[in-house]
Every structure is written in C-alpha cells, then in structure tokens.
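Have the structure open while you read.

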Amino acid sequence: MHERLTPPSAVAAGCKGCRDGATFDLPFSMAFQPIVDIEQECVFAYEALVRGMGGESASSILSQVSDANRYGFDQQCRVKAIEAATRAGILATPARLSINFLPNAVYSAAACIQLTLKTARANAFPSDRLIFEFTENEEMADPQHVSKIIATYQQMGFGTAIDDFGAGYAGLNLLARFQTDLIKLDMDLIRGLDTSMPQRMIVGGVVRMCDALGVKVIAEGIETAGELKALREIGVRYIQGFYFAKPGFEHLPEVHFAVQFGQQSLTG
C-alpha cells in the first residue's frame, strides 16, 4: 500500500530545498489530543501537538523556529508525531493521526513527503491514516503552491485540513482556492456559542456550506456541555477540546463517553 502512495522516481533525489534544508537542533516531543466523532462515540483522530521534552508548552519550541531551520523543524515534527503515536499505541485503535505542517517549509510536496513515508513504513503505520493540517498565522507566500501541496497530498491518500478556520488568514478565501477534506473551526467561533445567536448562525452557515462542498467540519476548543449541545444541534459531528480530554504528553488520553454524553452533562 505504501508503495502505491509513493510518487514515481521524480522525487528520488529530492529537491534542492530538501537536500540543503537546515536541521532543527532543539529537542522536543509530542502530546496528543483526541478529535471525537460524537455520532459514533469514538475517537476519530488524535492531533499531535509540539511540546518541550519535559512537557513544556509549544511556544517554548515554536519560538525557536526561523526561516533558516523551518524545513528541518517541519520534517522532525512529522517523524516525531508518527514515532511517538506508534509508541503510545495508536495502531491498536482505529483512530487517525493528525499532524500540523508548515506550508512555507515544503519546497516540493512530492519530494518533501519522502521522509514521512519512510517513517510510516518503518513503524508499520498505514499512510492513509495520516491527516496533515495547516494554519496560516503568517500570510502564505504563494497560495498556488499551497494548493499544489493539498492536491498532491490528497492524491497520495492523506487526509488534509485547514486549522483555525475563521481566524487570521485561514478563511473563506482559502476554501475558495482549494477544498481540504476537513476544516477546523477556530475556538473563538466556538467559545460561548450556546449563548450567542450570531455565532450559532455563522457556524451553522459554515457547516451548511461545507456539507455542500463535501468538507467535514471539526469544532475545536470545546470546554462546556452547553457548547457541545449547541454544536450537536447545528450538526457538527467532530469535536475537539478540553471538555473531552486535555492533550496527553507522550500518551493517548482516554475519553469517557458515558460521562461526556450523559443526559445531565448535556442538559444541565
């Protein structure tokens, strides 16, 4: 299966950027947070989140990323996510693994994915269980290049997602340029959703639009039973947030569906 996902020899040597990209010398690890399918009451995927070696916040690592080492950091994130998730036992579950990537660190989509594929094979990790999500906290240098990355990843069988949809540069203009398999609604659209009619109308409109486009919607940042109840009424199926589980450092946190979906928790 993995050989089918690997493009022809066009990328055997990699692009110049891949060969010359600087390494990222600061050690780091990963935490994992579940994305829950509330229809099936199961974990749909675990998102890999950068952490320091002692579990320190992502900012302690991300602050060290620069133009000079961006490529090396992006490559290491993919490798560490797959290796750490495998050690944590994700392959004993049906859940997928969602990995954040930096579009501006990808010189050639087909070339720069080779280490990821090699790592997946070494860990017996099915490539079609990988999702790559990106957010643009900084403006894309070349939207057409990002569109090609998304198309290539989709052709290779990976899932794709726009993170923080509705914040910064991750908005309707991106969705108009290319359609990822999933979008993740920014938590600022979700916070207090149950008490804000404008927010419910906006989220409902996005869900209907994405349904028409064949794009799945994930709501992130859910912290209360009221927010979950409002999202269920709107029709959002995939949920991520502290209400279900905080990120587990180097392990997969449990989700207690009987508690979160209890009648009292959703209506109280």
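## Confidence first

A contact here means heavy atoms within 4.5 Å. Residues 263-268 also stay under 50 in pLDDT, with 11 such contacts beyond four places in sequence. For the protein chain, the average pLDDT is 87, and 84% of the residues score at least 70.

So much for the numbers; now the ground rules. This is a predicted model, in which local features need pLDDT of at least 70 and side-chain atom pairs count only at pLDDT 80 or more, while totals for chains, interfaces and linings use all residues. Residues are numbered from 1 along each chain as its sequence is written, and side-chain values use heavy atoms, with hydrogens and water left out.

## Around strand 6

Let's settle in at strand 6, residues 182-185. Helices (H or I, at least four residues) and strands (E, at least two) are DSSP runs, numbered from the N terminus. Leu182 and Lys184 point one way from strand 6, Ile183 and Leu185 point the other way, and all are buried. Buried means under 20% relative accessible area, exposed means over 50%, and partly exposed is in between (1.4 Å probe, protein chains only).

Which strands pair with strand 6? Strand 5 (residues 159-165) does, in the parallel sense over 3 bridges, and strand 7 (residues 216-220) runs parallel to strand 6, joined by 4 bridges. Pairing requires that DSSP finds at least two bridges between two strands.

Thr160 sits in strand 5 and is buried, with a relative accessible area of 0%. Beyond its neighbours within four places in sequence, Thr160 is in contact with Ile131, Phe132, Ile150, Tyr153, Gln154, Thr180, Asp181 and Leu182.

## Salt bridges

A salt bridge is a side-chain nitrogen of Lys or Arg within 4 Å of a carboxyl oxygen of Asp or Glu. The count by this rule comes to 10.

| Glu47 | Lys184 | 2.8 Å |

Take the salt bridge between Glu47 and Lys184. Glu47 lies in strand 2 (residues 42-51) and Lys184 in strand 6, so the pair ties together parts that are 137 residues apart in sequence. Glu47 is buried at 5% relative accessibility, and Lys184 is buried too, at 0%.

The Asp67 and Arg70 pair looks like this: Asp67 is exposed, with a relative accessible area of 67%, whereas Arg70 counts as buried at 14%.

Glu227 is buried at 2% relative accessibility, while Arg191 is partly exposed at 31%. Salt bridges that share partners also join Glu47, Glu133, Lys184 and Glu220 into one network.

Helix 11 spans residues 225-234, and its buried residues are Ala225, Glu227, Leu228, Ala230 and Leu231. After helix 11 comes Gly235, whose phi is positive, near 110°.

## Cores and cysteines

A nonpolar core is a set of buried Ala, Val, Leu, Ile, Met, Phe, Trp, Tyr and Cys residues joined through side-chain atoms within 4.5 Å. Which residues touch the most other members of the largest core? Leu97 and Ile183 do, out of 71 residues. Helix 4 (residues 70-88) gives this core its largest share, 7 residues.

Ile183 brings us back to strand 6. Leaving aside neighbours within four places in sequence, the contacts of Ile183 include Ile162, Phe165, Leu175, Val206 and Cys210. A second, separate core of 8 residues includes Ile35, Ala45, Ala161 and Leu182.

As for disulfides (pairs of cysteine sulfur atoms within 2.5 Å), a search of the whole structure finds 0. Cys112 is buried at 1% relative accessibility, and Cys210 is buried at 0%.

How values were computed:
pLDDT is the predictor's confidence in each residue, from 0 to 100.
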